[in-house]
Amino acid sequence: MTTLMESAAAAFAEDGFTVIPGVLSEPELARWRAVVRTAVSEEPPSEGHSGPYFLWPRFPSTGHPLHELYAASRVPGLVRELLRPGLTPKRPAFGQIALTLPPHPHSPGGPHIDGLTPTEPDGRPGTFTVLAGVLLTDQRDQDRGNLWVWPGTHLRTGAWLREHGADALASAVPYPPVELGRPVQVTAPAGSLLLAHYLLAHNIGGHFGAAEDERRETVYFRLQAAGHRDRWRQAVTDPLGEFAPVGTSARSWYRGDCHVHSVHSDGELTPDQLIAGARAAGLDFLATTEHNTADAHAVWGKHAGSDPLVILGEEVTTRTGHWLALGLPPGLVVDWRYGVRDDAVDRHLDEVHRVGGLCVAAHPHAPYDSGTFMYPFQGFDAVEVWNGPWTSDVPWQADNEAALAEWGRSLAADIHQGRWRPAVGNSDTHLEGQIGIPHTVVLADELSSGAVLAGIGAGRSWIAASVAVELSFTASAGGRSAGIGDRLDTGDEPAVVRAEVQGVPSGAVSFHTEKGRAHQASLAESGAGTVEWRTSEEESAFVRVEVRYADGRMAALSNPIILG
C-alpha cells in the first residue's frame, strides 16, 4: 500500500515536481484568496495590463497574514515529509503572489532557474530546496497561466554541476546547457500544492483566455531546508541529497486484522482460506489468535513472509474476560486458567511483554459467558473497542458503543498521566465473509511483525469498517503538524484539526475531546469531504475523530492527536 505522500515523493525524485490535490479546504482557499485580493488592491497592476503580474511580500518576524496562512496550513508539514529525516523547512523570508491576467497568448521559449539574476550580495546563487506553489484558482486546463516545467532536468543539471563545479551555476543564465526534453504544463484544481525542486527547469506560461476570464492566481514560497545555505554546493551537485530516499523505506499505512480464528480452535475456515480472504479484503497483515493454544502455529508458519504478513498470537480466554497476546514466538502458550480474583493476569501480561509481544483487551462488552472484560485496562497495551460489525442481530454481537464509551472516558485521565492505551478494531473472524470487518490501519516503518505491533502500541492507527473507507487526520499549529498518535507542540498557538474522508456517503464526521463531541459536520453524497475545526491546547488536551454512516453505524474512528 502506498500513501499519497509516498507517491508524491517518488514523482518528485524522478520528475523534479509533484502536485498534491486538496491541500487547502474550501474555507482555507477563501481566506487565501481574500488576502491576495487585498494585497493586489493595495498594489494593483496598471490599467489594461495583461500577462504576468507579481508581488513580493516580505515576512517580518510576526504579523503578516500570508505567512500566517502558510504556517497554519498543511504545506510546511508536507514539505517536511519530503525532506530527509532530521531536516525541516526554514521559515520563508518572503512570498510571491503570481498572477496572470488574460489575454496573454504566450508560450515560453525556454526555461530559467531562480536566484541567478540577481545573485546573492556575496555572489553566490540564491539557491533553495523546494519551490512550494499553492494554486488558488482552477488550473486543470492548459494555457491558463499554468507553470511550464521540464521533467527530469533537476537530475541532469545536478550531473552537469558535478562535472563543472557548483560555482558554475551562477553564470549558467538562464539555465545550464543540459538536454531539456519536452515541457509539460502543470494542471491541477484550486487548493492543490505544487512542490518543485530548485534545479527544475521552469517558466510561466500564457493565459489564452478572454479579458473577462478568471485570472491565474498562485502563491509561491521558496523554502530552504535547515542548514541549506551552508551546504548549497553539495545540494546542487547531489540533487536528492536533501530529500528522503525513495524506495528504501517502507514506512506506510498498513491494513490488518489482529483477531481471527481457524479450524484449529472454534473457527470454520482453514488458514489457507483465511489467507485468501485477507487478500480479497485488501489486508496487508493478519494475526492468528486461536483460543488457548499454539497448536496451529506450525500450520500458520508456512505462510511466514507471505502476502499478507502473518503475526502469531493467541486469544487468552480467562474466566472473566478475553485478551489477545500478539507477536508470540512459535509454540508459546499463554495460560488462561484464572479470573480477576486470582491476581494472575499481570504475570501473564509480563510474560508476553518479555518476548516483545503486545497485549490487547478484547471485546470488553461481549454478551456471552466470560466475554465481558472485568480486568482494569492498566497493564494492557491497547483496547479492542470495535469487535466485528458495529451492530448486528447475532447473539454474540459485542456492544461496541459501550466499549468505545468506556475507552473514551478514560482517555483524558490516561493522557494526563502519560500512559494511554490506543484503540484497535478487529473482525474476530470465525465464519466466511467476516475477515476485515473491521480492521486496523497502522502507520508502520515496514511491513513486519515488530514494526506493525510498534505502530499499534504507539497509537499510530485508526479503525476502518472496510477498505472502501479512507481517513487522513492531522493537526497543525505554528508551522508544525502531527498525525494520529502523535503529540503536537502548539507553542500556545491555535491548532487546526483536519479530517479528510472518502467512502462514507452522506456520513457525519465528528471531533471529540475530553469534553465529549466538540464539532460535527456532514459529508456529501459522494462520501468524500474535508472537515476542519480550530481549537487550542487550553481547550483540548487531545482530539480524535469519528466517522459514521448515515444510519449511525461507525465507518472509521481514530486514536487521538495530543495537543501540548
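In strand β9, Thr218 is the bridge partner of Ala98. This pairing belongs to a predicted model, in which strand β3 (residues 96-101) and strand β9 (residues 216-223) run antiparallel and are joined by 5 bridges. Both strands take part in an open sheet of 6 strands with antiparallel pairing, and a walk across that sheet meets them in the order β1-β7-β4-β9-β3-β2. At its edges lie β1 (17-20) and β2 (51-55), each of which pairs on one side only. From one strand to the next, the twist averages 20°.

Together with β8 (201-204), they each supply at least two residues to the lining of the second largest pocket. Which strand gives the largest share of that lining? The answer is β9, with 4 residues. The pocket itself has a volume of about 850 Å³. It is lined by 37 residues, and the closest to its centre are Phe94, Asp114, Gly115, Phe128 and Arg222.

With strand β13 (residues 321-326), β14 runs antiparallel, and 4 bridges join the two. Within this pairing, Trp323 has Ala361 of β14 as its bridge partner. With strand β15 (residues 382-387), by contrast, β14 pairs in the parallel sense over 2 bridges, and here Val360 stands opposite Ala382 of β15. Are the residues on the two faces of β14 buried or exposed? Both faces are covered: Leu358 and Val360 are buried on one side, and Cys359 and Ala361 are buried on the other.

Leaving aside neighbours within four places in sequence, the residues in contact with His348 are Trp323, Val334, Asp335 and Tyr338. Why does His348 count as buried? Its relative accessibility is 7%, and the cut-off for buried is under 20%. Trp323 can therefore be followed in two directions in the structure above, since it is the bridge partner of Ala361 and a contact of the buried His348.

Glu514 counts as partly exposed because its relative accessibility is 35%, a value between the 20% and 50% cut-offs. Leaving aside neighbours within four places in sequence, Glu514 is in contact with Ala412, Glu539, Ser540, Ala541 and Phe542. For one of these, Ala541, the backbone nitrogen lies 3.1 Å from a polar atom of the Glu514 side chain. How many residues separate Glu514 from Trp232 in sequence? The separation is 282 residues, and their C-alpha atoms are 47 Å apart in space.

Notes: Residues numbered from 1 in each chain as written. Predicted model: local features only at pLDDT ≥ 70, side-chain atom pairs only at ≥ 80, totals over all residues. Heavy atoms only, no water. Buried < 20%, exposed > 50% of the residue type's maximum accessible area, 1.4 Å probe, protein only. Pairing = 2+ DSSP bridges. Contact = heavy atoms within 4.5 Å. Polar contact = N/O pair within 3.5 Å; in protein donor to acceptor, adjacent residues only side chain to side chain. Axes fitted to C-alpha atoms, helices over the stretch in contact; angles between N-to-C directions. 1 Å grid on protein atoms, 1.4 Å probe; cavity = no way out; pocket = protein on both sides within 12 Å on 5 of 7 lines; lining within 4 Å. Points joined across faces, edges and corners; volume = space filled by probe spheres on them.
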